[in-house]
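Student: Hi, I have just opened this one. Please walk me through it.

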Amino acid sequence: MNVALSKVVTGLQSQLDFQLRLSLDDRFIREINAVEASEFNIQGAVKKVEKRMILSFSYEGSLTFACDRCLTEVKLNFEHMAERILTFEISDEDVLVLTKQEVDICPILEEEILLNLPSQILCGDECKGLCPTCGKNLNKGICGCDHERIDPRLEALKNVFNN
Ligand SMILES: [Zn+2]
Ligand SMILES: [Zn+2]
């Protein structure tokens, strides 16, 4: 979703405020292994500072994932601030180079979500996961399977003694 910048670029306004409701792309939702996403509320401003512009916005929304261990759905809320420096001149600095007098908020929001995505998504720190044998969710009770794990090194020793 684009924010038109011409009023700031031409100097007609020194600051432009904007508000958006943005739906994340299905491709992105699949890429990050989310089950579903809410709309994101975005509130921001673009300010002209000499030849450049500063874009800052806050975003708020939620994404639902499957727990890494037991696959129960986990809803994560995202509520953060983002800032980018916008310019029309090619630069080595960490700036966003624009080709038109508008800026697309979608890829910036995607970058921000990726930055704030936890490396592991669990329904709780104590999640016991699924039984590797029968697939039962062990948070809901134990199953009849034998869960005693034998260290593979000990297993090798055991075989030595048995032979
Ligand atoms: Zn879990
Ligand atoms: Zn089991």
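Tutor: Happy to! Two strands count as paired if DSSP finds at least two bridges between them. Helices (H or I, at least four residues) and strands (E, at least two) are DSSP runs, numbered from the N terminus. This is a predicted model, where local features need pLDDT of at least 70 and side-chain atom pairs count only at pLDDT 80 or more, while totals for chains, interfaces and linings use all residues. Residues are numbered from 1 along each chain as its sequence is written, with chains lettered from A and ligands numbered from 1 in the order in which they are written.

Student: How many helices and strands does the protein have?

Tutor: There are four helices and eight strands. Along the sequence they come in the pattern β-α-β-α-β-β-β-β-β-β-α-α.

Student: And where is confidence lowest and highest?

Tutor: The predictor's confidence in each residue is pLDDT, which runs from 0 to 100. Helix α4 (residues 152-162) has the lowest confidence, with a mean of 64, and β5 has the highest, at 97. The protein averages 91, and 91% of the residues score at least 70.

Student: Okay, β5 then. How many bridges does it share with β4?

Tutor: Nine, with strand β4 (residues 40-49) running antiparallel to β5. One example is V46, whose bridge partner in β5 is L55. Two residues sit between these strands in the hairpin, and E50 takes a positive phi near 55 degrees there.

Student: Is that E50 buried or exposed?

Tutor: Exposed, because E50 has 5 C-beta neighbours inside 10 Å. The rule is that a residue is buried if 20 or more other C-beta atoms lie within 10 Å of its own, exposed if 12 or fewer, and partly exposed in between, with C-beta atoms placed from the backbone. E50 lies in the loop between β4 and β5, and E50 has that positive phi although it is not a glycine.

Student: What about the hairpin of β5 and β6?

Tutor: That one has six residues between the strands, and the pairing itself is antiparallel over 14 bridges, with β6 covering residues 73-87. T64 stands opposite K75 in β6. In the loop between β5 and β6 you find L71, another residue that is not a glycine but has a positive phi, of about 70 degrees. L71 counts as partly exposed because it has 15 C-beta neighbours inside 10 Å.

Student: Which way does β3 run against β5?

Tutor: Antiparallel, with three bridges joining β3 (residues 34-37) to β5 (residues 52-66). A37 is the residue opposite L63 in β5.

Student: Switching to helices, which residues of α3 are buried?

Tutor: I105, L109 and I113 are the buried residues of α3 (residues 105-115). Seen down the helix axis they fall within an arc of 70 degrees, so they line one face of α3. The arc is that of the directions from the helix axis to the C-beta atoms. An α-helix has 3.6 residues a turn, so residues three or four places apart point the same way.

Student: What does the face turned away carry, and what do the buried residues pack against?

Tutor: The face turned away from the buried side carries the exposed residues P107, E111, L114 and L115. The buried residues of α3 pack against β1 (2-4), β2 (15-22), β4, β5, β6 and β8 (102-104). Two residues are in contact if their C-beta atoms, placed from the backbone, lie within 7 Å.

Student: Now the overall dimensions: what does the C-alpha trace span?

Tutor: About 85 × 35 × 25 Å along the principal axes. The radius of gyration is 25 Å, whereas a compact globule of 163 residues would have one near 15 Å. The radius is taken over C-alpha atoms, and the globule rule is 2.2 Å times the number of residues to the power 0.38. Buried residues make up 12% of the 163 residues.

Student: How is the protein divided into domains?

Tutor: Domain 1 is 2-125 and domain 2 is 128-163, with bounds from an automatic or database domain assignment. Taken over C-alpha atoms, the centres of the two domains are 44 Å apart.
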